[in-house]
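User: I am new to this structure and would like to learn how to read its features one at a time. Could you take me through it slowly, giving the general idea before each case?

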Amino acid sequence: MIRKNQARSLAAGMLTLAAALILVIPAAWAEEAAPKFEEKYLLPPQEVQDLLTRDKHYDILNAMGPDGEHFLIPVNGEFSTLKLMTQRTLRLGMLELCPDVNREWRLSTFGTKSLKFFSLSQRKSWEAEIPEGTFVSDMTWSPDGKQLAFLAHLPQGTQVWTADVRDGRTRSLSQAWIMATLSIRRGFGRGAPAASQRLQWTQEGGILTLLVPLERGPEPQPPAVPDSPLIRRTRKQASPSSTYPFLLRTPHDKQLFRYYTTSQIALLMPGQEPRLIGEPGMFLSIALSPDGEYILAEKLVEPFSYITSYQSFGRELVVLDLSGRVLSTIRQTPLQEGRSPGGPNPTADLPRDVSWRPDGQGLSFLWREPRRKDEDKDSEDANREDRKDRLMFLTAPFDMENAKALVTSLKRFSQVSYSISGRYAFAIHSGRGEDCQTATDIVALDLTQSPPRKYILLPDVETEDPAKLPGDIITRASSNGVTYALTSSGERAVYLQGPGYKEDFKPRPFIDRVEIQSGTTQRIFEGMADRFERPLVPLDRDLKALVISRESRTEFPNSFLWKEGGSLTRLTDNKDPFPQLAACRREAFEFKRRDGLTIHSTIALPPDYQDGQRVPAVFWTYPREYTSFKDYARTATRSRNHNTFPRLSTRNASDIWLTQGYAVVVPDIPIIGKGDSANNNYIAHLVDSMYAATRKLDALGYVDVDRLGHGGHSYGAFATANILARTPFFKAGIAGDGAYNRTLTPMTFQRERRLIWEAQDVYLEMSPFFQADHIDTPLLMYHGAQDNNTGTFLIQSERLIQALTGLGKTAVLYIYPFESHGPRCIETYMDMWNRWLEWFDMYVKNGSKP
């Protein structure tokens, strides 16, 4: 039966916005047989509303200040709102920004909503004073750890604020407005906040940042009458490009992009007018040298492009002094409009991993030896293996002609870090060496000797088998983000932290102490076998104490003080916000596909499940490509963890289904083939995986295999449509933000590296659009009206619903205003869950037929 009296409109204040919800349904449906497609935002059952609106935040102590006493705890918001999403937004070259406040769209609509500080000695936390409704970002400790600078994204624009760590009091450092549209992308999540690319503390207590230029004038306006046609031309070389949705399209777009990304480097001091430094530019990042004398700045440069995103525009990396004078150009990265898979890399000969050394002596970078003068950069020999890699050192005034090669080697260097004194450089050293042997070593270079002496900390380390990974050098960072390797007292040892993957999917993260000159290894820490314990922050150079995170299948995550000898003291008091789901039965199981591959899966059962019941189930899937059975097994070891506490997802494979009487099944779908050929087997492996999974579920006895639904998002939506077109196992489907016609993504997609003209039959066979006449299972689609993901244009869903309508199938498409690739608005989530539950209750749980 159709769910009744559960679809209610949102509060009156949102009704005007609700009118924007777009529904596309087949007109041939008899009114009495169809769900109630009300053209307004709806609400799900109260139980689901409560789950969606409950605060999911928990404290994690992974961001320690320079004083070793205080920790920063960002509190991130789960959702945005339609009101926030209605802000005027420009989408230019894949950069989404809100022009009225000069900041990136993401910073205006969701993110960190508040900040907390935690005292290690007092064992308590307190909040910083953040204005209600203000998001913050770019949190940066002062060098002494007494203050925290951050960007406050206010209704009128963005400013630099500071917080007193001791009591949480905040103030605006300056009334100047920040240009917060353009920066190297930083992720959201529970990881320790990355160093800011826009805020740098000076030794005098000022802040270097990027301002809106004072004299930039009004926003460029488009011509009243076009003065040119739009022109698209081919290039001298093949330039295949991804299918981007929001590219620059017109000369006016170029003007807007330049206008809203050009910023002015400036020094802000309390009570003073901003001190401007140098000329405005389209700056991506600024980094102050440890001695406070120089700025390493990277900026975009013209020309722009109509066929690629701004992240592929040309760049310049320069060193400035504090007067703004350009002392040196370190790197000039050309515009990259696309290259054929396997073609020459235009950045291969440029300096890479450029950064300030922590000892304040200058710049460090890696740089391959130059080509021979008679060698064409595009020739087959341009990337020959006998060109040596070099660890470079450059001091003021940073003339690249004077850059010094500290070490040269046929092997390639990566992940370079330095001890804070500058004595040692640590690196991954991999490839074919002078001895003609191929190996990967972790090495230390003693830079006080000439030439630098190399110590092999770990020889011939395993790089493929996840259970044998040795870990990475533990690094710390200054308040301005200059990283350094953590060494023991006297710089006698360095530390490796590894994930501790296990084949039983119960990883045991570890820390090893490695003596630099002898390579002797001692295990300092290792997590327990029945819990997931991982190091968060070392509290001293000799690792006598750590802050760790601890959780299990039944124990909610908390942070603990670990001391040498194994003693633990709990520091946080996090509680499970969803205790009603804690009792849900969860099992991992395996099934075998007919090609012999053993595949991993999980199932979760409703909280009131009784033995012997067979309940309806929701599959939620996302296929992934592998080169072999072994490749899949190794990836499973990396990605599965049977000791973590189950988190509530609000969309993918959500426990919300459990509260409504459904089981949730999440099987892997490995698509396997050598080299670039995995998708040759896409349909066969997709169908065979679903067949084997349903047979195994039937044998387990938990699920009624005659009442199965299938869902997926993005590439999972693509899989869902394919599964409904090619298998009889499911009664209904949900597909969100998918791409269903691969002729609209002709120059590679997902992990498919061949162009459509090289694998036309594969592109066509994989496209469920061309199998729409076989989609007899009811399909609910949803799509963000402003989907910003490569390839998943809204037109993908619009054309599929057009086809299904023309063919007389049972389907519906919900287009959500303002949403991108994955919903953000709480109103959208409420409406989606109402309609998802109604759809599956009708066609899956209660077995109605269209």
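This is a predicted model: local features need pLDDT of at least 70, side-chain atom pairs count only at pLDDT 80 or more; totals for chains, interfaces and linings use all residues.

Analyst: Let us begin with what counts as pairing: two strands pair if DSSP finds at least two bridges between them.

User: How many bridges join strand E16 to E17, and which residue in E17 stands opposite Leu267?

Analyst: Strands of a sheet pair through backbone hydrogen bonds, either parallel or antiparallel. Here strand E16 (residues 264-268) is joined to E17 by 2 bridges, and the two run antiparallel; Leu267 has Arg275 of E17 opposite.

User: Is strand E41 largely enclosed or left open by the rest of the structure?

Analyst: Buried here means under 20% relative accessible area. Of the 7 residues of strand E41 (residues 598-604), 5 are buried, so the strand is largely enclosed by the rest of the structure. Strand E40 (residues 586-592) runs antiparallel to E41 and is joined to it by 7 bridges, and Phe591 has Ile599 in E41 as its bridge partner. The hairpin of E40 and E41 has 5 residues between the strands, and in this hairpin Gly596 takes a positive phi near 95 degrees. E41 also pairs with strand E44 (residues 663-667), in the antiparallel sense and over 4 bridges, where Ile603 has Val665 in E44 as its bridge partner.

User: Which residues touch the most other members of the largest nonpolar core?

Analyst: In soluble globular proteins, nonpolar side chains tend to be buried together. The largest nonpolar core in this model holds 59 residues, and Ile603, Tyr682 and Met781 touch the most other members. Helix H9 (residues 715-726) gives the largest share of this core, 8 residues. Apart from this core lies another, of 44 residues, including Met85, Leu658, Ile734 and Phe840. If neighbours within four places in sequence are left aside, the contacts of Met781 include Ala735, Tyr740, Leu800 and Tyr814.

User: At roughly what angle do the axes of helix H8 and H9 cross?

Analyst: Two packed helices are described by the angle between their axes and the distance between the axes. The axes of helix H8 (residues 682-700) and H9 come within 10 Å and cross at roughly 75 degrees, and H8 and H9 are therefore roughly perpendicular to each other. Among the residues that meet are Tyr682, Leu686 and Met690 in H8, and Phe718, Asn722 and Arg726 in H9. By class, this contact of H8 with H9 has 9 nonpolar, 1 polar and 1 charged residues.

User: Does Lys809 count as buried or exposed, and where is Lys809 found?

Analyst: Lys809 is found in the loop between helix H11 (794-806) and strand E51 (811-816), and at 13% relative accessibility Lys809 counts as buried. Lys809 and Asp773 are 36 residues apart in sequence and, C-alpha to C-alpha, 8.0 Å apart in space.

Terms used. Residues are numbered from 1 along each chain as its sequence is written. Side-chain values use heavy atoms; hydrogens and water are left out. A nonpolar core is a set of buried Ala, Val, Leu, Ile, Met, Phe, Trp, Tyr and Cys residues joined through side-chain atoms within 4.5 Å. Buried means under 20% relative accessible area, exposed over 50%, partly exposed in between (1.4 Å probe, protein chains only). Contact means heavy atoms within 4.5 Å. Axes are lines fitted to C-alpha atoms, for helices over the stretch in contact, and angles run from 0 to 180 degrees between N-to-C directions. Angles under 35 degrees count as roughly parallel, over 145 as roughly antiparallel, 65 to 115 as roughly perpendicular and the rest as oblique. Ala, Val, Leu, Ile, Met, Phe, Trp, Tyr, Cys and Pro count as nonpolar, Asp, Glu, Lys and Arg as charged, and the others, Gly among them, as polar.
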